[in-house]
Amino acid sequence: MASGRLIKLVVFELLQFAAFSIPTLVIVEQFATAYQSTRDVREKTHYWLIVSCSIAYVASVSLLIWVPVKVILYKKRHLSKKIKGWRPVMMMCVVLTTLPSFSFSIAVTEVQKTINGSSVVLPDTLPDLPVSLVLTSLILVDIIEKLRTHSLRGRQKSNEDGRNHTTTLQHITTVTDQGRPSEGTPVPPQPAKRTQVSRPPVATMQSPAPEPAGPQEPSFQSGILGMMSQRDVRAEIFLWSFLLWSDTIEMVRVAGHPAVYKSGWLYPVYIFSFISLLRMIFTPQNPLLNSLGVLLQDLPFIFIRLGLIIDLGTITPVLGLCKNVLVTVSYVYFNYLTKFRIFSTFELSSF
């Protein structure tokens, strides 16, 4: 009977391969359908030629790149341990699947514009399934890569459950404590000097600035509230994986608006959406991930959303623009501006 680890490995590999290959086939089939609609409907030579090319592409990259890399990572464990800061599987999915899918999504509208000579003949709405399938498949591969180090059976507590929510009092050394001898250690008497008064340095008189304490959180151990307060790290992987890419998902969905895909805004929307997805190549613990999130997503999205709102109106939510602006400003302020003296004053009050 197969072990649970082997079943987990087979299921994960099949899901990742499906997420790697299916989006390209679906997007190219949509492109073939759009191209065939501009030709003779009875003649489907172009349709099957495009579909067969997509199948050949998926088969070639799978046999020449995907399978060899997977085998090397599985057999040569010492090589996989040397790979730090980035994930080869995510790089293959982003470059070999997402990039062609976005390219053919643009080509669907551009081919119809070229053949018909106008954007008026384009449909009022674009199907949402292909684009959603691409992003869902990419997020699924990301979730599987994060779940590899966790067991699928049993209970695993979240990192927040392991924290101790008790506060500790800091010992503040005063001038009286400094001048008081320790118990059990006799101090020889010294002659008193009235003309000189020894004063401790200013640095020793000032106590270290206390860290601002956060509010106390309730703790539920039993009952209905205890059951509702349970948190598992594996469930949080699914939650945060979708929340992390919600901004990019919303931006890609904007490309399906008629005012966007019938104009030149289609190119920057897809280009900068793909650039934001490059962050998925890096590991979740990479220290560069925060700065890359600002440089590759929030900062470019400010100009894209601002241009869309000025040119086409509020087809993209203003909330997304506010999120990008606040994230960029807060990152620059707290990481760089607080190093200057004018912004480095410590606040003693928590209000």
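The buried residues of helix 14 are covered by parts of the protein that include helix 10 (246-254) and helix 13 (289-312). This is a predicted model. The buried residues in question are G320, L321, N324, T328 and Y331. Seen down the axis of helix 14, these buried residues fall within an arc of 110°, so they line one face of the helix. On the other side of helix 14 lie the exposed residues L319, L326, V329 and F334.

The table sets out the two groups.

| Group in helix 14 | Residues |
|---|---|
| Buried | G320, L321, N324, T328, Y331 |
| Exposed, on the other side | L319, L326, V329, F334 |

The length of helix 14 can be checked against its residue count. Helix 14 takes in residues 318-335, which is 18 residues, and at 1.5 Å a residue it should span 26 Å.

The protein has 14 helices and 0 strands. Of its 351 residues, 32% count as buried, where buried means under 20% relative accessible area. The protein exposes about 23300 Å², and carbon and sulfur atoms supply 65% of that area. Contacts between residues at least 6 apart in sequence were also counted, and 77% of them join residues at least 24 apart.

Methods: Residues are numbered from 1 along each chain as its sequence is written. This is a predicted model: local features need pLDDT of at least 70, side-chain atom pairs count only at pLDDT 80 or more; totals for chains, interfaces and linings use all residues. Side-chain values use heavy atoms; hydrogens and water are left out. Helices (H or I, at least four residues) and strands (E, at least two) are DSSP runs, numbered from the N terminus. Buried means under 20% relative accessible area, exposed over 50%, partly exposed in between (1.4 Å probe, protein chains only). Contact means heavy atoms within 4.5 Å. Accessible areas come from the Shrake-Rupley method with a 1.4 Å probe; for residues, only the protein chains shown count as cover. The expected span of a helix is 1.5 Å times one less than its number of residues. The arc is that of the directions from the helix axis to the C-beta atoms.
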